[in-house]
Amino acid sequence: MGTGGRSGLRFGKGSAEKTSMNYASSASSSYRCIECNQEATELYRDYNHGVLKITICKSCQKPVDKYIEYDPVIILINAILCKAQAYRHILFNTEINIHGKLCIFCLLCEAYLRWLQLQDSSQHTDPDDLIRYAKEWDFYRMFTIASLEQMTFFIGIFSGLWLIQPTTLRRKSNFILLLKALLLSSYGKLLLIPAVIWEHDYTPLCLKLIKVFVLTSNSQAIRVTLNISRKLSLLAILSGLIFESSVVCFFQKMGWDVESNCSIYKT
């Protein structure tokens, strides 16, 4: 799939139309080279009749975005492997507007897991408790708490970055882009449901691994979005975890059974 020695790429009519929809080649748009993170005015040039030529980065002399000719499955695999190039492609060079929906769905997955564990921890065996089990109030409460914890986690990240390197979030565009990147990189929470459905002896370990994967994805998203070192991105994640833990402790002191991450991922 290399493109370095190609003079042009020929797609069928349907592929060319699909490509033009996903990657606008307007010169006014700002893209990023997935290799060196330098800005570029276009990803490719369309010579009509489905003949496209990928733009070469003026800084590193490599294709600005080789992923525009890759299958989405390959891109997803590279994103799961936390490759910076795949993250730059998704965050800077594609038009993805599922941040809000993905966030809600991830929170629903986490709330369901907390709600399920809350019901499992109940010691009542009376059949009448089946009515209580079916009540939705506990689920809504878990959803609200999960939302508050995630919001606190994000606030901790932004606060940590502001204290460590204030220049990174001076521009409003950086703030919005980082927020979207954090929402997208939390997609690993979708794995919580399969881990619970196919429950086995290693489920607690799977849940811990999912948590680590989500935090790793968040760290890579911060690093790619702000173009900072891995050390700073890890410090930002640590700051978010500290803020989140403080909120969990506050809820527990208030006597709320929050079934937070501290208990969800325990063995």
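Which helices each supply at least two residues of the nonpolar patch? They are helix 6 (137–164) and helix 10 (230–253). The model is a predicted one, in which local features need pLDDT of at least 70, side-chain atom pairs count only at pLDDT 80 or more, and totals for chains, interfaces and linings use all residues. Residues are numbered from 1 along each chain as its sequence is written, and side-chain values use heavy atoms, with hydrogens and water left out.

The protein holds 11 helices and five strands. These are DSSP runs numbered from the N terminus, with helices (H or I) of at least four residues and strands (E) of at least two. Of the 267 residues, 43% are buried. Buried means under 20% relative accessible area, exposed over 50%, and partly exposed in between (1.4 Å probe, protein chains only). Contacts (heavy atoms within 4.5 Å) were also counted between residues at least 6 apart in sequence; 68% of these join residues at least 24 apart.

The accessible surface is about 15,300 Å², and carbon and sulfur atoms account for 60% of that. Areas come from the Shrake-Rupley method with a 1.4 Å probe; for residues, only the protein chains shown count as cover. The nonpolar patch covers about 950 Å². Its members include Leu148, Trp162, Leu163, Leu235 and Phe243. Patches are made of residues with over 30% relative accessible area and no salt bridge; like charges are joined within 9 Å, and nonpolar side chains (Val, Leu, Ile, Met, Phe, Trp, Tyr) within 5 Å. A salt bridge places a side-chain nitrogen of Lys or Arg within 4 Å of a carboxyl oxygen of Asp or Glu. Helix 6 gives the most to the patch, six residues. Leu163 lies in this helix and is exposed, at 73% relative accessible area.

Inside the protein, the largest nonpolar core has 19 residues. Such a core is a set of buried Ala, Val, Leu, Ile, Met, Phe, Trp, Tyr and Cys residues joined through side-chain atoms within 4.5 Å. Phe154, Leu178 and Leu226 are among those with the most contacts inside the largest core. Helix 6 again gives the most, with six residues. A second, separate core has 11 residues, including Cys82 and Val224.

Most residues other than glycine have a negative phi. Gln61, not a glycine, has a positive phi of about 60°. Gln61 lies in the loop between strand 5 (51–54) and helix 2 (72–80), and is exposed at 56% relative accessibility. Cys82 also has a positive phi, near 60°. Cys82 lies in the loop between helix 2 and helix 3 (84–92), and is buried at 15%.
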